[in-house]
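Hi,

Here is the structure I promised to pass on. Please have a look, then read my notes below.

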Amino acid sequence: MRHLRRRLAVAVVALLGPGLVAAPADAAQSWQRYVVAPDSRDVRPVRVVETTGDVTHPQGVLGHGTAVLRRSPAPAKPAWPAGTTATASSFHAPNNGNDGKPRTYAPGNAIDGDTGTFWNDDTLAAYPDTLTITTPATNLPGITLQSSPDGVPQDFTVETWDGTAWHTAATVTGNTRTQLAVPFDKPATTTQVRLTVTKDQATDKGEFTRVNEIWPGLVADPPVPSVVVDFGKVVVGYPRISFAGASANNPGVRLAFSESRQYLTDRSDFTRSDFSGGPGTDQHAVPGGRSQWTDTKGCLPDGKVCSDGLHGFRYVRISLDALPGDAPDAQPYGEVRIDGVSLLFSAFLGTPDTYNSFHNEVGSLR
Ligand SMILES: [Ca+2]
Ligand SMILES: [Ca+2]
């Protein structure tokens, strides 16, 4: 279905680009009057439709002043007491991971305080998968589960050991978040916590249970600062952002694209990066001084901070954020100042008189 919507969008781009161009009189009653292209290849968004987190003067992204996105480094996460251990129903044998580097998947990876390591079960698309944490007596209002964009646990329970029996402290269904705080039905002092996963997200990375960390407590990181701009209609081309400046730590921005608000999340709705099992966003590390970035396909020379370049979309979410693997080239905190967003339109700049036959119209879509 998403393929179909994508194809339709490309067609709509050619027919319904922004900026009306007057139709010639002899085309007034024909299909050609619907052919409208931008006035130029420099296309601007028409409105800001949403912001999250610490954003001041969001209208700056439309070229009216300067929008400022600010984000503090994430506070330190709670840690399990010394002596805490973890066991699991299964775990995958070591291999060379997505990045070709040796990696282990042992259950202890879920409590080592390192979000770059994770427990990965060894029963593809088979359940239940359990992870049992044994700890010196700890009082918990809940736990926070951090998983991976490769696929998150969707349906699971969290139980606590009350000294004689397991107590179901929380039940989660339909999760899609990589980090999820899971409050217990009541605070519990316990020596064991058991996660039982009964469904994982199915991705091309395999329907496995992946748990990067379980933190003892409810982690509420501040919301990611973001601005969503609307180009008014579906457009296609290379996004551009004008930065008035940024903090000196190379804060990252991530772009997530969608043709509709319904499918607009922090992950693009059908892009190369989304469909290939990547992060689903385009990344950029913002330099400290004034700069302009044109989103083109590629990465930094070290292979980090990658972007897809060409996009067909109507909405784009611009977030002050960075992938963990892009450190230290891009950091998920700091300050980013934006004074313009635009698009280098790449499709045929059609006018009614140039679309003079069905053949030409179809040809322009290829
Ligand atoms: Ca870990
Ligand atoms: Ca499994």
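Predicted model: local features only at pLDDT ≥ 70, side-chain atom pairs only at ≥ 80, totals over all residues.

Residues are numbered from 1 along each chain as its sequence is written.

Overall fold. The protein has three helices and 18 strands (DSSP runs numbered from the N terminus: H or I of at least four residues for helices, E of at least two for strands). Of its 366 residues, 38% are buried (20 or more other C-beta atoms within 10 Å of a residue's own; 12 or fewer is exposed, in between is partly exposed; C-beta atoms are placed from the backbone).

Cores. A nonpolar core is a set of buried Ala, Val, Leu, Ile, Met, Phe, Trp, Tyr and Cys residues joined through C-beta atoms within 7 Å. The largest has 37 residues, and V316 and V336 have the most contacts inside it. Among the elements giving it two or more residues are β4 (67-71) and β18 (334-345). β13 gives the most, with nine residues. Another core, of 26 residues, lies apart from it and includes F118 and I214.

Contacts count when C-beta atoms, placed from the backbone, lie within 7 Å. Beyond its neighbours within four places in sequence, V336 contacts residues including L69, F243 and L320.

The loop. P222 sits between β12 (213-216) and β13. P222 is partly exposed, with 14 other C-beta atoms within 10 Å. G53 is 169 residues away in sequence, yet 7.1 Å from P222, C-alpha to C-alpha.

Best wishes

Conventions:
Chains lettered and ligands numbered in written order. Contact = placed C-beta atoms within 7 Å.
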